[in-house]
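A short briefing follows it.

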Amino acid sequence: MSTKKKRSPPTENSSWVVIATDSIVDVPKTATGEPTFVKLRNPSTGSASLYLFGSGDSDLYEVKAFTEDYHSWFIGQTVQRDGRLLYITQMDPLYLLLPYLLKAGAEGKFQPVEQVVKDEDFPGCTRLLSCTRSLKSLHHVADEKEVGSLKFHRVSQEKTLDWLKKKVERTVSTLRKSNISVGGGVKSSTFIRVKQEEQASDEDYLRYAHGLVSEYISEDLRKDLLKHLQLPELSSPKQEPPAKKRKLSDLPVEAKDDYTKLNSSDFTRKPPKKMTAAQKSLAKVDKTGMKSLSAFFSPKVKQEKH
Amino acid sequence: MSANNSVTTVQLGSVSQAVELPIHFLPCEIEHDGPAEVSQYFTSTVKDRKHELTVSFRGRGLKGQEVNCPEGYTGLVLKQVHKPSSDQEDGAVKVSSTFHNLTYWNLEIPPSTDDGVVMAMAWPKLADAIHGPVED
């Protein structure tokens with residue numbers, strides 16, 4: 001823990017620095033309703049995370065925070081103490097629907113999705129079905145039956161794994177085109193990235209992509225997907241895939257109702273802070289969803305502590 | 001009633017009035033929220049040498065560089081306009097300013113592609129891969 005002097009509590013004046021995909025603000029005039037932040041059940045952790053519905057609920061977006069310890073902003077002629085940088089990027093609603101389909105699938109019956117996608121704790125989940133992509137993409141993970149004008153679905157493990165495999169493959173191809181280090185370079189003890197010199201293996205890419213996709217699925221599915229990709233589970237800590245590294249940041253999940261712990265989780269060493277109701281409303285929803293970015297991209301965060 | 005019921009609306013009408021403001025990401029926590037004479041005491045003393053920016057802030061040498069928002073993305077500063085008084089009440093935010101690039105500062109260390117902020121800018125592309133529609 002830090003031995004720094006006690007800090008003053010943050011003030012009421014809260015704002016958020018966000019990098020958002022243009023489709024959130026460039027909405028057609030015909031669109032009804034404004035974008036809204038909502039809390040939904042995180043498919044990986046089962047607890048609340050922050051998401052955004054675009055105008056008219058037609059699209060879903062994920063909110064992730066890039067957090068480095070001891071940072072603040074100058075915005076124009078003002079200081080903002082909260083040094084987080086939030087990203088709002090497109091999200092496939094099927095990841096959030098899948099846990100509901102899987103739960104219902106245990107009964108092995110064909111059912112209307114409206115009956116399946118219900119959650120007392122997260123009433124906003126029914127809005128997922130309004131997303132343009134949702135109903136169109138159900139066939140990726142479920143068998144469909146049509147009776148008259150009614151559609152019924154039953155989740156299929158085989159289809160789900162094939163769909164996830166395609167997701168992993170897409171991610172691999174993006175990773176290859178970027179210069180994000182997935183292999184040897186990031187494993188060195190100094191965490192200095194080695195870019196193109198050290199060729200990452202196909203397996204490095206596959207494991208890294210599997211780790212990224214695993215952020216959106218349950219632990220059981222994560223393991224099944226690993227088998228489906230014909231990747232053995234790793235036990236050697238030397239070759240930790242990203243999914244395992246992120247375990248570190250997933251640890252404090254059980255403290256989810258303690259809002260003051262929010263910023264002390266992850267790799268950061270911040271002492272617990274008192275937060276205003278306003279800050280809580282946005283901040284508390286994220287326990288894992290918003291903090292994993294630093295774990296992926298910033299292996300050096302540990303150096304930041306003083 | 002569940003606390004997860006409440007939502008926070010983004011007031012889109014505010015976008016057209018939002019001005020573009022310069023934004024700096026500083027390697028220290030400043031225990032203050034509010035006005036400060038940034039341009040007089042900070043921006044005006046920034047030196048630009050061979051694409052490396054330097055500035056002295058509270059006697060510490062900062063080195064920084066400008067990074068652009070990824071293509072198709074815009075920087076927004078969202079400000080609370082309606083603060084919910086409880087977990088159950090809805091809130092609202094407006095877009096108070098925008099940015100298309102930001103300047104980030106390291107303490108003493110020259111900026112490099114290994115810097116967290118630079119790497120984080122790769123996230124949107126990865127998100128597109130993970131979340132874009134797959135073919136049948």
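The points below cover the interface, the charged pairs and one proline.

This is a predicted model, in which local features need pLDDT of at least 70, side-chain atom pairs count only at pLDDT 80 or more, and totals for chains, interfaces and linings use all residues. Residues are numbered from 1 along each chain as its sequence is written, chains are lettered from A and ligands numbered from 1 in the order in which they are written, and side-chain values use heavy atoms, with hydrogens and water left out. Chain A and chain B bury about 7300 Å² between them. One salt bridge is counted between the two chains.

**Interface of chain A and chain B**

- Chain A puts 85 residues into the contact and chain B puts in 75 residues; contact means heavy atoms within 4.5 Å.
- Of the buried area of about 7300 Å², 59% lies on carbon and sulfur atoms. Buried area is the accessible area (1.4 Å probe) that two parts lose on being put together, summed over both.
- The rule finds 36 residue pairs in polar contact across the interface, both residues at pLDDT 80 or more. A polar contact is a pair of N or O atoms within 3.5 Å; within protein, one must be able to donate a hydrogen and the other to accept it, and residues adjacent in sequence count only if both atoms are side-chain atoms.
- By class, the side of chain A that touches chain B has 38 nonpolar, 23 polar and 24 charged residues. Ala, Val, Leu, Ile, Met, Phe, Trp, Tyr, Cys and Pro count as nonpolar, Asp, Glu, Lys and Arg as charged, and the others, Gly among them, as polar.

**Strand pairing between the chains**

- Strand β5 (residues 72-75) of chain A pairs with strand β3 (residues 23-26) of chain B, antiparallel, over four bridges. Two strands pair if DSSP finds at least two bridges between them.
- A:Ile75 stands opposite B:Ile23 in β3(B).
- Helices (H or I, at least four residues) and strands (E, at least two) are DSSP runs, numbered from the N terminus.

**Salt bridges**

- The whole structure holds 15 salt bridges over all chains. The rule asks for a side-chain nitrogen of Lys or Arg within 4 Å of a carboxyl oxygen of Asp or Glu.
- B:Glu29 and A:Arg81 meet in a salt bridge, 2.7 Å from N to O. This pair crosses between chains, from the loop between β3 and β4 (34-35) of chain B to the loop between β6 (78-80) and β7 (85-90) of chain A.
- B:Glu29 is buried at 15% relative accessible area, and A:Arg81 is buried at 4%. Buried means under 20% relative accessible area, exposed over 50%, partly exposed in between (1.4 Å probe, protein chains only).
- A:Lys167 bridges to A:Asp92, with the closest N and O atoms 2.7 Å apart. The pair links distant parts of the chain, 75 residues apart: A:Lys167 in helix α4 (residues 157-177), A:Asp92 in the loop between β7 and α1 (93-105).
- A:Lys167 is buried at 0% relative accessibility, and A:Asp92 is buried at 2%.
- A:Lys109 forms a salt bridge with A:Glu107 at 3.7 Å between the closest N and O atoms. A:Lys109 is partly exposed at 46%.
- A:Arg41, A:Asp119 and A:Asp121 are linked in a salt-bridge network.

**B:Pro111**

- B:Pro111 sits in the loop between β10 (101-107) and α2 (116-120) of chain B. B:Pro111 is buried at 18% relative accessibility.
- Beyond its neighbours within four places in sequence, B:Pro111 contacts B:Glu52, B:Lys63, B:Gly64, B:Gln65, B:Tyr104 and B:Asn106.
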